2 protein chains.
Amino acid sequence: MIKNITGKIDFIESLRGKKATFMLALSNTDTANIEGITQAGIPNKIYLTPTLDSEFLTTGEVRSLDNIAETPKGVPTPALITRAVHLLKPFSNIELINLGLEQLPQIEYFKIHDFSIKPSKSIQEGANIDAQSLFQQGVSFGQTYICKDDYIILGESVPSGTTTAKATALALGYDCKEKFSSSFKDVPNVIREKTIEKALSNISLDDDIFKILGSVSDNMIIFNAGFILGLNNKIPTILAGGTQMACVLLVVNKILEVMQGEIETSNLALATTSWIANDEKSDIKALLEMCKFDINSYYSDFDFALSNHPALKLYDDGEAKEGVGAGGTLVYGELNGLLKTTLTKKIENLLGE
Amino acid sequence: MIKNITGKIDFIESLRGKKATFMLALSNTDTANIEGITQAGIPNKIYLTPTLDSEFLTTGEVRSLDNIAETPKGVPTPALITRAVHLLKPFSNIELINLGLEQLPQIEYFKIHDFSIKPSKSIQEGANIDAQSLFQQGVSFGQTYICKDDYIILGESVPSGTTTAKATALALGYDCKEKFSSSFKDVPNVIREKTIEKALSNISLDDDIFKILGSVSDNMIIFNAGFILGLNNKIPTILAGGTQMACVLLVVNKILEVMQGEIETSNLALATTSWIANDEKSDIKALLEMCKFDINSYYSDFDFALSNHPALKLYDDGEAKEGVGAGGTLVYGELNGLLKTTLTKKIENLLGE
């Protein structure tokens with residue numbers, strides 16, 4: 001079932017049965033190399049996660065690993081959920097957005113939007129992003145993008161992205177200390193907080209907004225804030241993600257504030273998982289309500305109650321929670337008649353192969 | 001399974017797997033306020049039925065009731081069937097046609113075609129419809145309507161619509177006394193017959209056709225007769241309904257007779273429920289065969305044999321039978337691979353929520 005976080009059900013119901021393009025925004029930040037900061041990937045090869053996620057989503061294969069045995073044994077990537085939905089109720093189109101990958105996915109035939117963007121540095125020492133130019137690239141992309149389907153679902157894969165998102169929102173002055181999620185159940189607060197503290201020490205609240213973003217944020221957040229403003233409500237768009245996507249909206253909100261602009265958001269929504277919506281350690285609703293504009297937001301109540309697979313049960317226990325557009329994709333599945341039993345079996349199946 | 005009433009299976013089979021826009025024609029007539037004439041709704045709030053039906057179909061929520069406890073305990077609205085199919089095999093698009101509602105549905109994002117049409121009066125005293133102008137609005141709508149999908153499914157929600165339909169057909173001279181259905185199992189013939197008798201006493205068979213229609217019919221029937229003629233066979237269209245939709249065709253037939261016109265009907269069909277097709281108290285086949293043109297017509301053999309829910313069993317017992325495009329929607333479900341078990345469960349589920 002699709003449930004509301006904020007707003008009303010009408011927007012998402014109006015997309016029932018309609019065709020979607022799934023876009024996956026991919027980026028690396030050196031922040032992910034801080035030991036213990038994320039569990040989104042293989043230790044020492046965290047940087048490969050967006051590459052592997054996009055390979056698996058598009059082809060069902062993990063190609064950029066020399067040794068397949070390295071596949072993590074812990075919490076399976078949410079790409080598993082997105083891929084399973086795509087197998088059962090396929091997106092009409094998948095496109096990748098390369099926002100600074102260490103390594104390109106080894107795939108053919110799928111559109112990869114490329115902007116010659118480099119991975120960003122660790123926010124501990126300053127991410128060193130030319131934020132204004134990156135934001136402008138996002139705006140232009142949104143202005144010129146032609147969608148052949150009825151709507152866009154925009155997901156992301158950025159290891160340690162919740163850390164950079166939290167740093168971003170704090171640096172922009174939002175009162176959100178306890179409101180950001182993590183891929184961990186027991187959020188490694190010490191490492192994360194130290195990293196964020198260090199990042200915030202590099203900037204001043206009086207700095208120009210792009211200077212701040214360029215130091216504490218990541219490419220995904222900055223580019224997509226521009227993308228949303230460039231789209232300007234003309235294509236129905238679902239931000240498929242949790243607190244990272246909420247942060248994109250907070251950046252949009254702050255840029256509008258600084259530029260004294262406004263945005264129509266009737267065609268924009270956020271959709272996430274039940275693990276995020278019901279997370280006691282973060283508060284996506286509060287984050288969304290910090291925006292001056294209204295935003296419809298939703299979650300799918302899908303969980304692994306019908307599964308006995310220990311790796312999947314970790315999701316219900318509070319690990320992983322979101323990523324690779326899993327939440328928005330679960331909502332998409334429900335909009336297209338996908339049943340919980342069928343999806344659970346398919347995900348178990350993928351895991352067993 | 002999809003079965004034939006008249007014609008051949010080919011037309012409907014050619015739509016298998018294709019995309020449909022569902023249109024719901026909504027209207028109120030004061031005829032519905034005659035006590036005991038219909039069970040399509042909440043006593044004293046019958047006029048809300050099309051409003052609530054359209055809210056439920058589009059959003060899954062019933063919004064225009066102050067007190068949700070008023071939801072009728074008797075026969076559940078066929079909107080339940082239409083919504084359940086839409087959840088499992090979604091229409092690509094839903095649009096509403098406001099043909100004189102007392103109260104607008106409280107929904108956003110869904111297209112509501114509006115023509116500033118007022119609810120009609122009771123046919124007992126003359127419905128007081130400007131039938132020629134309304135018919136012309138239907139024609140223009142059909143001529144200009146652009147369908148983004150492969151075909152249209154046209155349903156209706158008009159409380160006491162079977163009474164106005166029967167009065168219409170009789171007033172136009174069709175020999176159809178025993179051929180019209182009712183939402184009741186034991187059709188309240190006395191009230192209905194008295195109402196129709198009274199309606200017929202207000203007109204003369206020599207009257208101009210639009211004068212007759214304006215006195216004894218309803219907005220849905222008159223507008224849709226125009227709509228069909230305006231479409232002129234250019235978009236495949238399924239009239240999703242029982243004897244009311246058959247009456248629309250009888251009106252088309254009569255207008256063509258009066259105007260000495262012809263219509264190509266190869267892209268036009270009617271689809272209804274098994275409860276109508278097998279109803280011993282009405283005869284939709286006979287009604288369809290009164291038309292000079294050939295018309296393909298179908299029904300879905302779906303019933304509640306797999307359910308033990310007492311409220312649903314009322315359908316199999318002969319109550320409710322059709323409405324909100326249920327029959328055409330069941331056929332649509334079958335055209336898209338929907339299984340009886342899955343649908344039965346989903347309907348029970350909606351009822352249980």
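Mentor: Keep in mind that this is a predicted model. Let's start with strand β2 (residues 20-26) and strand β3 (residues 93-98) of chain A, which are parallel to each other.

Trainee: What makes β2 and β3 of chain A a pair?
Mentor: Pairing takes at least two bridges between the strands. Strands β2 and β3 of chain A share six bridges, so they qualify as a pair.

Trainee: How do you know whether the radius of gyration of chain A agrees with a compact globule?
Mentor: For 353 residues, a compact globule would come out near 20 Å; chain A has 18 Å, so the value agrees. The C-alpha trace of chain A spans about 50 × 45 × 40 Å along its principal axes, and 54% of the residues of chain A are buried.

Trainee: What share of the contacts in chain A joins residues 24 or more positions apart?
Mentor: Among contacts with a separation of 6 or more, the share is 84%.

Trainee: Why is helix α7 of chain B called largely enclosed?
Mentor: A residue counts as buried with 20 or more other C-beta atoms within 10 Å of its own. In α7(B) (residues 209-216), six of the eight residues are buried, so the rest of the structure largely encloses this helix. Those buried residues are B:F210, B:I212, B:L213, B:G214, B:S215 and B:V216. Their cover includes α4, α5, α6, α8 and α9 of chain B.

Trainee: Which residues have the most contacts inside the largest nonpolar core?
Mentor: They are B:A225, B:V248 and B:L250, in a core of 101 residues. Leaving out residues up to four places away in sequence, B:V248 touches B:I221, B:N224, B:A225, B:I228 and B:L239. A second, separate core has 99 residues, among them A:I81, A:I117, A:V216 and A:W275.

Trainee: How many residues does each chain bring to the contact between chain A and chain B?
Mentor: Chain A brings twelve residues and chain B brings 15 residues. On the side of chain A, helix α1 (residues 10-13) gives the most, with three residues. That side divides into three nonpolar, four polar and five charged residues.

Terms used: Residues numbered from 1 in each chain as written. Chains lettered and ligands numbered in written order. Predicted model: local features only at pLDDT ≥ 70, side-chain atom pairs only at ≥ 80, totals over all residues. Helix = DSSP H or I, 4+ residues; strand = E, 2+ residues; numbered from the N terminus. Rg over C-alpha atoms; globule rule 2.2 N^0.38 Å. Buried ≥ 20, exposed ≤ 12 C-beta atoms within 10 Å, placed from the backbone. Contact = placed C-beta atoms within 7 Å. Nonpolar A, V, L, I, M, F, W, Y, C, P; charged D, E, K, R; others polar. Core = buried A, V, L, I, M, F, W, Y, C linked by C-beta atoms within 7 Å.
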